[in-house]
Amino acid sequence: MLGGAGLLLAAAPAQAAEVSYKTECIPPSISGLPPVEGTTKVEITAPAEAKVGDEVEVVWKTTQAASNNPDVLDLDKDTVKPTGTVKVGGAQTADLAVEGERSNPPIKKNSPMVLSDMKGKIKLTAPGEVTLTPDKYNINVSKPISTDTKCSPKETVKPGATIKVTDGGGATTGGLPTGLPTGLPTGLPTGLPTGLPTGLPTGSASATPTGGSSGSSGGDTSGSGGGQSDFTGKEVQIPYKCKTPIGDKDATSPVQINAKKDGGNYGLTVQFKKSVMDSPADIPADSVKPSMEVKLGGADKGTVHVEGPTNKEAIKSGAPINIPDLTGTYKPGADGKSTLSPGVLTVKALGTTTTCTPSKTEVSLEIDTAAQPGGAAGGSGSGSAGGSDTSGGLAETGSSNDGILRALGLVAGTVILLGGAVFTFLPKRRARLR
């Protein structure tokens, strides 16, 4: 019995005092939040004694991080994953990578983050005292899109545990005591988270160069004679007022409307011009879908719905993102010269809808039309700039709620690209990390 007790004592983990150090954490750039400075507290658990050739497990438990989850959104269960680095010093040196599971309870706004324990294994190669010191760490949040908050020490950190390593043979004594961690682990917030940015297309098989042509040149684009089938609109600058998950934004976008005649109807192509940017975050496939209500004027009244496909492939952070051309069919409802102007733009992403309404519009294309059965004039479309067809507000579709709407604004920066303009909607400063 006494011999068994001795074995248990030799195998006991080192007891370590809690280590605290000043830390700077950098939120995702798309969040618009400033760096956070705070105090990280960690307990490192490892065997007090071992011998050369042993592979031992090191456990990092975070007992306090620099901030709570900010006042942005509640985080779902099992969406937070920590990773970090333990500096190995003394008899041998190395950077030991440690990793936790994506395992956490639901985390409310303005409450401590909960991080799983991070673990890693190291093979001991030399006799003597081996120190284990917590260093930088990263917190990944997987929803609504993947984002990272990167944290690093701002002062010299003391070792959290020491392993006394022997050449082999008998039991040894010594080693810094390391304690088993107590209390709930906490961590750092990250943005959510989303959202959903969109990018811009260029090129269309049916579009032709503008060549500075005027959208009012209806006599040259008459669909009633001469056999002409392709009609090129002019590029017009449209000022938009957008309602987003986190507030309103004004910007101006260059837009062009082209048409191709097919019998008495017209296939429309709406292009947003000069619009290329890099994605500020990873965007899942099939997550962004744009559409517009083209405003009719002149002889005809109403609107024509055009839309583009969702992104077919996931877009990596830093890679170019595109919005495809928006297409639809215009069935004239009147005889005479009808005008087409950019109207309300809608971008749906990750269960949210952002609506951009022109504060004023301009004719991009004018064509001669002949009324078709069931055409636009007198139909349900509105003769205003698409305005009465939408509330102009932010629709909450599907399972969206206030938290997810605001999360989209935080994580994805709610980046909406309208032509050459880049709309970046950032959360208010009250959402800064705590």
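Modeller: The structure holds two disulfides, a disulfide being a pair of cysteine sulfur atoms within 2.5 Å. This is a predicted model, where local features need pLDDT of at least 70 and side-chain atom pairs count only at pLDDT 80 or more, while totals for chains, interfaces and linings use all residues. Residues are numbered from 1 along each chain as its sequence is written, and side-chain values use heavy atoms, with hydrogens and water left out.

Colleague: Which cysteine does Cys 25 join in a disulfide?

Modeller: Cys 25 is joined to Cys 151, with 2.2 Å from S to S. Cys 25 sits in strand β1 (residues 19-26) and Cys 151 in strand β9 (residues 147-153), so the link spans distant parts of the chain, 126 residues apart. Strands (E, at least two residues) are DSSP runs, numbered from the N terminus.

Colleague: Why is the disulfide of Cys 25 and Cys 151 right-handed?

Modeller: Because the torsion about its S-S bond is about 115 degrees.

Colleague: And what about Cys 242, which partner does that one have?

Modeller: Cys 242 forms a disulfide with Cys 356, and their sulfur atoms are 1.9 Å apart. Here too distant parts of the chain are linked: Cys 242 is in strand β12 (residues 236-244) and Cys 356 in strand β21 (residues 352-358), 114 residues apart.

Colleague: Is Cys 242 buried or exposed?

Modeller: Cys 242 is buried, at a relative accessible area of 1%. Buried means under 20% relative accessible area, exposed over 50%, and partly exposed in between (1.4 Å probe, protein chains only). Cys 356 is buried as well, at 0%.

Colleague: How do the bonded cysteines pair up in sequence order?

Modeller: Numbered that way along the protein chain, they pair 1-2, 3-4.

Colleague: Switching to rings. How many aromatic pairs are there?

Modeller: The count is three. Rings of Phe, Tyr and Trp (its six-membered ring) pair if their centres lie within 6.5 Å; planes under 30 degrees apart are stacked, over 60 edge-to-face, and the rest tilted. One of the pairs is Phe 231 with Tyr 266, edge-to-face at 5.9 Å centre to centre and 65 degrees between the planes.

Colleague: Which residues form the aromatic cluster?

Modeller: Phe 231, Tyr 266 and Tyr 330 form one cluster. Phe 231 is buried at 2%, and Tyr 266 is buried at 2%.

Colleague: Last one. Where is Thr 339?

Modeller: Thr 339 lies in strand β20 (residues 336-349). Leaving aside neighbours within four places in sequence, its contacts (heavy atoms within 4.5 Å) include Lys 295, Leu 296 and Val 363.

Notes: Helices (H or I, at least four residues) and strands (E, at least two) are DSSP runs, numbered from the N terminus.
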